[in-house]
Amino acid sequence: MSKHQLDYLDELEAEAIYILREVAGQFERPALLFSGGKDSITLVRLAEKAFRPGKFPFPLVHIDTGHNFVETIEYRDAMVKRLGEKLIIGHVQDSIDQGKVVEQKGEKKKKKKKKT
């Protein structure tokens, strides 16, 4: 990789860190959504770079759809334990059970459109 490409990646990283710090400074109750996937793992790493050695000024939030791989949940829990950060877990099934969300069935169920 050339020096130019590394400089560009460093610039993107610095911009992402700046945005995380600005959000933390300007909003009352920010949170970082954390699915356990590659994108959210990257955001958590950027938050580490932005706020360490201190704690994150926001919690991590995981929305449990009930369709996660066991390994994803295990990784999430291990990462949060290692970081020592606050994790808030919301469960889609709880919202369905409370009538806050209606699970669509049959003809009313929307079909996913193919992305081209």
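Reply: In this predicted model, three strands make up an open sheet, ordered E1-E2-E3, with parallel pairing. Strand E2 (residues 60–64) runs parallel to E3 and is joined to E3 by five bridges. Within this pairing, Ile 63 lies opposite Gly 90 of E3. Helix H3 packs on the sheet and touches E2 and E3, and the direction of H3 makes about 155° with that of E3.

H3 also has a helical partner. Helix H3 (residues 70–83) packs with helix H2 (residues 38–51) at an angle of about 0°, the two axes being 13 Å apart. H2 is therefore roughly parallel to H3, since angles under 35 degrees count as such. On the H2 side the contact consists of Ile 41, Val 44 and Glu 48, which meet Tyr 75, Met 79, Arg 82 and Leu 83 of H3. Sorted by class, the residues in this contact are five nonpolar and two charged, with no polar ones.

Aromatic residues complete the account. The whole structure contains three aromatic pairs. In one of them, Phe 51 and Phe 58 have ring centres 5.6 Å apart and planes at 85°, so the pair is edge-to-face. Phe 51 is buried, at a relative accessible area of 16%, and Phe 58 also counts as buried, at 7% relative accessibility. Phe 51 and Phe 58 belong to one aromatic cluster together with Phe 56.

Methods: Residues are numbered from 1 along each chain as its sequence is written. This is a predicted model: local features need pLDDT of at least 70, side-chain atom pairs count only at pLDDT 80 or more; totals for chains, interfaces and linings use all residues. Side-chain values use heavy atoms; hydrogens and water are left out. Axes are lines fitted to C-alpha atoms, for helices over the stretch in contact, and angles run from 0 to 180 degrees between N-to-C directions. Helices (H or I, at least four residues) and strands (E, at least two) are DSSP runs, numbered from the N terminus. Angles under 35 degrees count as roughly parallel, over 145 as roughly antiparallel, 65 to 115 as roughly perpendicular and the rest as oblique. Contact means heavy atoms within 4.5 Å. Ala, Val, Leu, Ile, Met, Phe, Trp, Tyr, Cys and Pro count as nonpolar, Asp, Glu, Lys and Arg as charged, and the others, Gly among them, as polar. Two strands pair if DSSP finds at least two bridges between them. Rings of Phe, Tyr and Trp (its six-membered ring) pair if their centres lie within 6.5 Å; planes under 30 degrees apart count as stacked, over 60 as edge-to-face and the rest as tilted. Buried means under 20% relative accessible area, exposed over 50%, partly exposed in between (1.4 Å probe, protein chains only).
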